[in-house]
Amino acid sequence: VLDGKRRPSGGMVRLGTGARPSIFAQQQNRLGQGRVIDVIWNKYPRMTELEVRSHLAKLGFRGDTVFKPCEALSGGELARLRFAEIVLERPNLLFLDEPTNHLDIYTRENLTEALMAYTGTLLLVTHDRHLMNSLACPILYLEDGKAVLYPSYDALMGRAAPVQAAQKAAELLAIDSPTGFTDRAAAWVQDAFGTLGFAAKKTAKGGVLIDLGGAESEEGALLLQAHTDTLGAMVAEVKANGRLRVTNLGGMRAENGETENVRVYTRGGKVYEGTLQLCNASVHVNGDYGKTERTFDTTEVLLDEAVTSADETRALGIETGDIVCFDPRTRVTASGYIKSRFLDDKLSVGILLGFAKYLRDENKQLPRRTYVHVTVYEEVGHGGAGSEPAGVTESISVDMGCVGDGLRCTERQVSICAKDS
């Protein structure tokens with residue numbers, strides 16, 4: 001489209017006045033163009049043989065190689081021949097499609113230096129990380145039918161971490177894990193860090209300890225902590241009407257859970273669905289609907305099963321002590337926001353996974369030994385107690401930031417808490 005050989009499917013392509021474009025195509029075709037020396041001499045007949053051979057020598061064509069037939073050239077030689085033409089064309093607008101694919105290291109470095117010194121406009125299509133880093137030019141990144149402009153390659157790479165964080169947080173949010181019911185979530189965390197190549201092991205308390213590596217430092221090791229346990233509930237009573245009275249796990253409140261869908265996990269491995277609702281829940285029947293204080297004594301779980309007595313509910317395998325999990329209702333909006341219950345603190349686990357992916361992808365070494373501790377009892381007050389590796393001198397808790405009156409925190413920034421409530 002840019003060189004005029006194909007018409008655009010929409011809109012138009014028009015070069016500015018005075019533009020002198022040159023194009024480097026990914027696939028070079030020299031059939032029928034004779035010898036290497038002929039390619040240049042036929043385009044620039046006023047050049048002497050000495051001038052042509054001297055010019056080609058700068059691109060690695062020395063001695064009898066200038067008489068080599070174009071059909072016999074390797075991919076790298078074809079690329080160098082095209083660059084020999086481009087230099088003579090003196091373009092002020094340069095289109096390059098994967099220019100380093102077939103080049104040896106020496107030629108690749110020379111090309112990188114030449115492009116760094118180039119003062120014209122450059123449109124580059126490449127997967128060469130070193131080239132992108134060296135040029136430090138804006139990058140138009142195409143993904144999922146969208147085009148996003150990044151100011152540099154580092155900015156593009158930095159994008160991977162938040163994407164990883166959101167994706168992994170959404171996966172983890174799909175795993176029910178209230179305090180005391182965290183084995184599946186902990187196993188997922190261990191596997192997720194292990195897949196990235198980091199040593200991850202279960203702790204005696206059921207959490208996961210990950211070693212991110214790093215240099216030995218006089219400062220000692222750093223411990224980053226997040227938690228994967230959430231709020232939830234437990235069956236406190238199978239009521240005479242077949243419904244369930246529940247008690248909270250952690251700080252779960254009935255007002256916050258009313259009308260939410262729930263899953264009840266039995267000791268026998270079965271899962272039943274239901275809804276937490278006000279006892280006598282119809283506003284058309286209950287005259288005190290708006291006046292009733294919502295507590296776990298005034299609400300109940302209505303099962304999505306045909307049960308009307310305690311015996312019928314117990315026949316399903318449901319008993320006191322079974323775990324009740326609230327639906328997180330996770331979704332990512334078109335504008336990029338992730339909305340869900342229990343972002344506290346599974347999003348933080350996702351963020352730490354994004355950080356680990358960045359370290360792995362960029363082959364970075366941290367300046368001090370760093371561990372990640374994903375705990376499973378934070379919601380009941382003793383998540384980070386124990387399992388601290390030897391040599392740790394500092395611990396940072398990565399958790400939710402409160403938003404409310406009198407606070408400067410927002411949902412779009414990192415907040416450093418000076419004091420917990």
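Trainee: What do the side chains of R35 and D38 form where they meet?

Mentor: Please keep in mind that this is a predicted model. The general idea is that a salt bridge requires a side-chain nitrogen of Lys or Arg within 4 Å of a carboxyl oxygen of Asp or Glu. Here, R35 and D38 meet in a salt bridge with an N to O distance of 3.0 Å. R35 is partly exposed, with a relative accessible area of 33%, whereas D38 is buried, with 16%.

Trainee: How many salt bridges does a search of the whole structure find?

Mentor: The search finds 27 salt bridges. One of them joins E362 and R129, whose closest N and O atoms are 3.9 Å apart. E362 lies in the loop between helix 10 and strand 17, and R129 lies in helix 5, so this pair ties together parts that are 233 residues apart in sequence. R129 counts as partly exposed, at 43% relative accessibility.

Trainee: Which parts of the chain does the pair of R369 and D211 link?

Mentor: R369 and D211 form a salt bridge, with 2.5 Å between the closest N and O atoms. R369 is in the loop between helix 10 and strand 17, while D211 is in strand 7, and the two are 158 residues apart. Both R369, with a relative accessible area of 24%, and D211, at 21% relative accessibility, count as partly exposed. Salt bridges can also share partners: R30, K43, R82, E85 and E89 are joined in this way into one network.

Trainee: Is R80 buried or exposed, and how far away is the nearest side chain of opposite charge?

Mentor: R80 is buried and has no salt bridge. The nearest side chain of opposite charge is that of E77, 4.3 Å away; a salt bridge would need the atoms to be within 4 Å. R80 is placed in helix 3, which covers residues 75-89.

Trainee: Which residues does R80 touch, leaving aside those up to four places away in sequence?

Mentor: R80 touches L59, G60, F61, L103 and T107. Two of these contacts can be described further. A polar atom of the R80 side chain lies 2.7 Å from the backbone oxygen of L59. R80 also lies over the face of F61, at 4.7 Å from the ring centre.

Trainee: How is a pair of aromatic rings described?

Mentor: Such a pair is described by the distance of the centres and the angle of the planes. In this structure, a search of the whole model finds three aromatic pairs. In one of them, the rings of F24 and F83 have centres 4.7 Å apart and planes at 5°, so the pair is stacked. F24 lies in strand 1 and F83 in helix 3, so the pair ties together parts that are 59 residues apart in sequence. F24, at 3% relative accessibility, counts as buried, and F83 counts as buried at 9%.

Trainee: What angle lies between the planes of F181 and Y265?

Mentor: The angle is 55°, with 4.8 Å from centre to centre, and this aromatic pair is tilted. F181 lies in the loop between helix 6 and helix 7, and Y265 in strand 11, so the pair ties together parts that are 84 residues apart in sequence. F181 counts as partly exposed, at 25% relative accessibility, whereas Y265 counts as buried, at 15%.

Conventions
Residues numbered from 1 in each chain as written. Predicted model: local features only at pLDDT ≥ 70, side-chain atom pairs only at ≥ 80, totals over all residues. Heavy atoms only, no water. Helix = DSSP H or I, 4+ residues; strand = E, 2+ residues; numbered from the N terminus. Buried < 20%, exposed > 50% of the residue type's maximum accessible area, 1.4 Å probe, protein only. Lys, Arg positive; Asp, Glu negative; His and termini not counted. Polar contact = N/O pair within 3.5 Å; in protein donor to acceptor, adjacent residues only side chain to side chain. Contact = heavy atoms within 4.5 Å. Phe/Tyr/Trp six-rings, centres within 6.5 Å; stacked < 30°, edge-to-face > 60°. Lys NZ or Arg CZ within 6 Å of the ring centre and 35° of its normal.
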